[in-house]
Each structure stands twice: as C-alpha cells, then as structure tokens.
Amino acid sequence: MTAPNSEDVALDNRIREGASDALPPPEVERHLHTQLAAFRSRFEGHEPAARPRIYPWRRLGIAGMAAVATAVVGLIIVRPRAGFAEVADAVLKQPWVHTRTTLGTDRRVWEDWYSPTKDIAAWRAPDSIRYEDYRLRVFDSYDPAEKVVYHGPVAWNSRGGHFESMAGALKVLLQDGRKPEHLGFLGTGGEQSKVIEQRSEKVTEQGRACVDIRLTVKGPESAQPMTMVFRVDAATLLPRSCRMEGHHDGKPVTRETQFDYPEKGPADIYDLGVPKDSKLVDRIPSGDLKRILETLRAGRERMGNYRVVFVTRYESFDHRWWTEWPQLFYRKGANFRRDFARGAPADLATTKRPADGEDLGKWWTERAKLFRFVPVYIQRGATGYHCKPKTVNDPDGSEHQEIVSVRKTYYNASPGEIYPVDWSMRPEFACRPPMGIGTMHMEPTLDLHPTEGPPGCILLSVRENRFWLDPKRDYIVMRWDTVVREGSSLKVIGRNETEEVARSPQGVWYAKRIRRSFPDRNGKNKPAGDVNYIYVDFDAELPDSLFDVPKPGRVY
Amino acid sequence: MSDESGFYSAIIGPIEDRMIRAVWRITRNGQDAEDAMQDALLAVWKRRDRIGRHAAPRALVLKMCIDAAYDVVRRRARRRHENQPIDGADGLADAAMPPPDDIARRELRGEVLGAVARLSRCQAVAITLRVIEELPYEQVAAAMNCGEATARKHVERARNHLRVALAKHEPHPQTRSRS
C-alpha cells in the first residue's frame, strides 16, 4: 500500500471541486425524493401505484392509431395521387378501427380501438385498461393490480389528432407529390425522422390482392434505421398490417400490428373486460374544488402580455446578487419566450451594489440592457422549440452566438392546460402551479379551516403536495409544501412561499417574489434556498417576430 | 414486513441524499435523473436480499445508482447527438435551473464530469466511489465485487486518464460567454 502522492491529491481535489455542486434543481430534487418516498412505502407495505413508464416502443403499441397514419403515408409514396385521398377517407369513415399489436420477445399484446366518428379511444394493455371519450372529455382507467376503476377528466387532445395531422400531411404531399422529407405527423421524434429508402410490391394474402410498402426510416434518437412494412388491401384501400423492426436500448425490437374495422366497438370500459363489481373512484372535480380550479385556470389565461426580468438570489451562501445574470421571459397571448444572457458587461465583477431603498425593478431593467441575450425556448400555442446556443470564436478573436440546433416538441394538452416548461419562473404560473388533480392516483382533499399556513388561506392537499390557496386573491398559491412520510409523521422537503404579489392591468393576481426553501436539502439539517424576483413590464413592446419559430444560425 | 422496513431505514435512508447527488452528478438532466433513479431502485428491490447480506451494503447501493446513471447517460448520448437540449432546458429541470453563478466552475464541472464519463465503466465507478463519494478502498472493492488491489488499479488507471484529459482542457476563468 502506498500513500497518495501530491499529484494524486491535487487531481482528486480538482475532481471533487468539479463534482461538488451536485445538488439537482429543486423541482428535480422533489421528484427524486418522491421516487424514494414511494420506494420506502413499498418496504413499509403501503406501496402506491407506480407511475407507469412509457417507453417509445410501447407508446407506439398503445398509440396504434399512429400506425394507421403511417400506413397511409406509405401509400402516399407509391400510389397515384388520386388514390391517396381515397385511402385517407377510407380510414376516417370507418365506425371503428381496431388494432392488435404484439411486441417484444415475450409477445405481449396491446389492443387499441378508435372511432373517428365518435371520437372515442380505448385500449387494453397487460397492465392497464382505459377508455377515453373526447366528446364528454372523461376517461375511465382500470388498474388490474388495484382492481379499481378511476373516472376522471381528460386534459389532453383527442387521438383524432393523429388523423388530423395525417390529413394535413396528405394535403401537403398531394399538392407537390414529393417524397416526404420528414414524418413529423408520426408524433414525438417523427419530426426529425427521415425516409432513407422506400419500395413496394404486390402480394396476395388469403386470396386478397395487397400492396406491401417497405420504408426504411432513420429516427433522431437511433443510430440504426427502423424498417416498416405496411400491407394495404388493394380493393378497400385500408391498412391490414404493419410490421416494424428496429432497436431500442441497443436491443432488436419487433412490433406487429394487425388492423380490422368492426362495426361496433366497446361501449364502456366494462366492455373491455373490467369486472363490473370493481370499485369506482371518481376524480372529476366538483363543487368548491371545481370552482377553484376554474378560477386558477382563468387567471393563467387572462394574464396580459409582458416582458419579465428574472433574477435569483441564493440564501445559503454569501452571494453578490447584483452581479447575477438576469433572464428574460416574454408572453404574448399563447406565445412564450425565454432568453438566457450569453454576453455580460465587462464590469460585471466590479458592479456596485444598488443603494438601499433603490427601486430594484428599475435597476434590473436597466441592468438587463447591458447583457446580450439568446432565445433558449419559444412556445407557440401547443408547440415548443428548445434552442441549443453555442459561443463561436471568430478568426479575429472575437466571439458570436449561434443557435446550433432546435428541438421541436408538441404538447398534447387541451387549451388552458398547457404550461410552458419554464412555468415556475413566470409571474402567472408560479403561483398557479400544476397540481395533478384529475389523474388516477392524485386524490385531492380540501381543508377550509387549516390549522397552519398563511393566514386566511385554505389548504388543498394532493398526495405529497400541500397548497395553501388565498381565496381573496383568486386562489393563487401562497405556500406550497412537498412532504415525504417519515414513520408516522410527514417531513417537509421543499417549500415555496409567494412573498409578494400584485395585480396586472387585467386584474389578474401574479407573483413578484417567491422564496424557495429546503429545510434539509443536504441531509445534514442545513437549510438552503433562494428567492426568485420577477420584475414584470406590461408596457414593453412585443413584436410578433419575438415569437417566430427559431432557426439554427447566428444570433449576434 | 418489519425486516424489509428495517432494510430501508438501515441501508437506504441514511444515503438518500447521496443517492440523489450520485445520480444527478452524472445525469445533469431531470428526466435522465428520474430514469436512472427508477432503474437503480428497481435493481435494489430485486437484489435486496443480496444487498442485506453484503459486506458494504450502502456502497453497493451507491454503485447501483452510479451504474444506472451511467447507463442512462450513455444510452441518451448514443441517441441524442446534436439534438440534446441545453443543460437543464428540458421540462421541469429547465423551469428550475438557476443561472450558474460561476462560469469557470461550471466549465470545470463539465470537463471533469465529461472526462469521467469517457472512462471505462469500471474506472468511472471506481473513481466516483473512491474520490467523489470518498469511500475506503475496502468498500469500493466490495461494491465492485473485486479485490482491493483491483479497485486500486481501477482508480489508478482512471487518475492517469483524467490527468491527461483535464490537462488538455484547462479552463479559462476569464471567459465571459456561456457555452
């Protein structure tokens, strides 16, 4: 055994220094603690139902209707133009589309039903059965392990969106007749997918003439291409089967889907095999809770247009907060934008602290003018664009900023239920956070006379979260605790407090200052936290071009 | 059930925060951290009997977290290429990520973690357990199911690689742009 030499010690210190700030952001930490709390519950014998993990390949299995769209796209590529619209019509006019999908080496089976005319979707998977009625905007979901049917509100868009996007794609393709350069209408990841090879052949199946369309598609997240073979009935123009071969997590995966078109589909979840004597749990908000949620939603929607200068002050160490890099947030209607500062003033380190009593909103607004900003996120309606910025060195030694890539994300939530990804830093959303109400295992309870919390507030508890709502301020959240079970008691692991509020010109209450604290963040009973300052300007000029779809290229 | 409850409070409870830090240190992304933690907890659940009998159970659990995090990161790295979002700009992580207050430190962090991620699995796990988690070699060896001399060899080789990797990319504290 040898003692470490000084080189090793220096290297080790550098490694430790590089890895020292290993605490995740507060929201991530909350999620990880929640995972651990659920895991502890498993040991203690009261295991909550785990959040299902949806893998892309399984998602494909569940969302079997996407395959219908894909099959039609396959036809678009190889058949005369006049036939393509017929195919789309043929699928969309069916009373029910039923798919049976087998996946993996163990041949697990998923069954999907979708009625384009009734706008109803249902599926039966090995670990769940679900029925969604988009006209009534309700779902029923059965967990075989619990033997409980949950009845709740649908807060996302219809699966008919697959068909609508397919129709949109058809229109574009029919107009110019080109080979599709991407398959964005296939859903997540499809936007960057590319058809790298295509061919077709006539085949006969059970005496019926069919066309096999073979596509080789390269996805954005896979090093290896995926092969899809679609078989379409030549007479009815309806897809009959789809076989996909590819890799997931480095392993080969095969997925086969068989299509049929029954006259009748399931009338309710019990038609899918759920025992009729199963316990029913109603998660549809009603009464006071419904009124509160509607008020919160109205506040999110009615907030006016704004530009925000956002700054964080850290509390767990001596922090020269006036040298912090501000961020900018914009909103115009349903469009949002977030900018990072990427170029700082030369005197950043020697900046003088603002005088006591100085208007910090004005100070930071002026201060922000000295920075150069680059957009990192733009949301237009239900579509978000994540930008990846990069500093590029020029030959003359100067630097400029570029967006090197843009990642598009579509949020399949209903209007009014869409939260920008940076919601916790925005004035109207930070005090109206997502609460998870309506989902299967998030049981809400309302306490109109809580024994603790901000004065005058009511307490809404949703699983690990406790929200104190202020009835005099349209129920905005004045305090939000996240707790975990510790023996028979509950331990607070995170707390957000809305310390300062104001009203917008439209009369909407919003947060100006939020304190986030973590009583035992590092496991040594040492509290940590920060304070977010949100300086809102409702009179800022907001040209529409601010929210243009970002493109890779030079910013400044 | 009481035995299992005791398992958690004796082995997992005291290192909850270390598990979180171990996973986050490697993944640096909210979704990846959650995936890694879920994978790690699943592995712990399946092997809880073995862990309970292990010579260094907490070290073993930490190793499982590190393994799971490296698995997720390497899986993602293979897929994402240029499509990876900016650090923390994904979902909730994005919403919560404070702006870095020290650019040089952030660069050093990126270099160190990037260099560790490029090591072989054994070297990466060994250097993480030994240097970052500061476990004695005896526990590192037990967690890695190898001899103490082998654990030392992994750490030594990792140091040699890191010395070269970090020397090539000295940080520039004067840099004023975030990259």
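I began with residues 80-103 of chain B, where the pLDDT stays under 50, although the model still places 72 contacts beyond four places in sequence for this stretch. I then noted residues 168-179 of chain B, whose pLDDT is also below 50 and which have 35 contacts in the model beyond near neighbours in sequence. Since this is a predicted model, I keep in mind that where pLDDT is low, the predicted coordinates should not be read in detail.

For chain B as a whole I found an average pLDDT of 72, with 71% of the residues scoring at least 70. Within chain B, confidence is lowest in helix α6 (residues 91-96), at a mean of 30, and highest in helix α8 (residues 121-132), at 87. For the model I wrote down an ipTM of 0.77 and a pTM of 0.62.

Next I asked myself at what angle the axes of helices α2 and α3 of chain B cross. The axes of α2 (residues 16-27) and α3 (residues 30-46) of chain B come within 9 Å and cross at roughly 130°, which makes α2(B) oblique to α3(B). I also recorded that the crossing of α2(B) and α3(B) is right-handed.

Finally I looked up which residues meet there: α2(B) contributes Met19(B), Ile20(B), Val23(B), Trp24(B) and Thr27(B), while α3(B) contributes Gly30(B), Asp32(B), Ala33(B), Ala36(B), Met37(B) and Leu41(B). Sorted by class, the contact between α2(B) and α3(B) has 8 nonpolar, 2 polar and 1 charged residues.

How values were computed
Residues are numbered from 1 along each chain as its sequence is written. Chains are lettered from A and ligands numbered from 1 in the order in which they are written. This is a predicted model: local features need pLDDT of at least 70, side-chain atom pairs count only at pLDDT 80 or more; totals for chains, interfaces and linings use all residues. Side-chain values use heavy atoms; hydrogens and water are left out. Axes are lines fitted to C-alpha atoms, for helices over the stretch in contact, and angles run from 0 to 180 degrees between N-to-C directions. Helices (H or I, at least four residues) and strands (E, at least two) are DSSP runs, numbered from the N terminus. Angles under 35 degrees count as roughly parallel, over 145 as roughly antiparallel, 65 to 115 as roughly perpendicular and the rest as oblique. A crossing is left-handed if the near helix is turned anticlockwise from the far one by less than a right angle, and right-handed if clockwise. Contact means heavy atoms within 4.5 Å. Ala, Val, Leu, Ile, Met, Phe, Trp, Tyr, Cys and Pro count as nonpolar, Asp, Glu, Lys and Arg as charged, and the others, Gly among them, as polar. pLDDT is the predictor's confidence in each residue, from 0 to 100.
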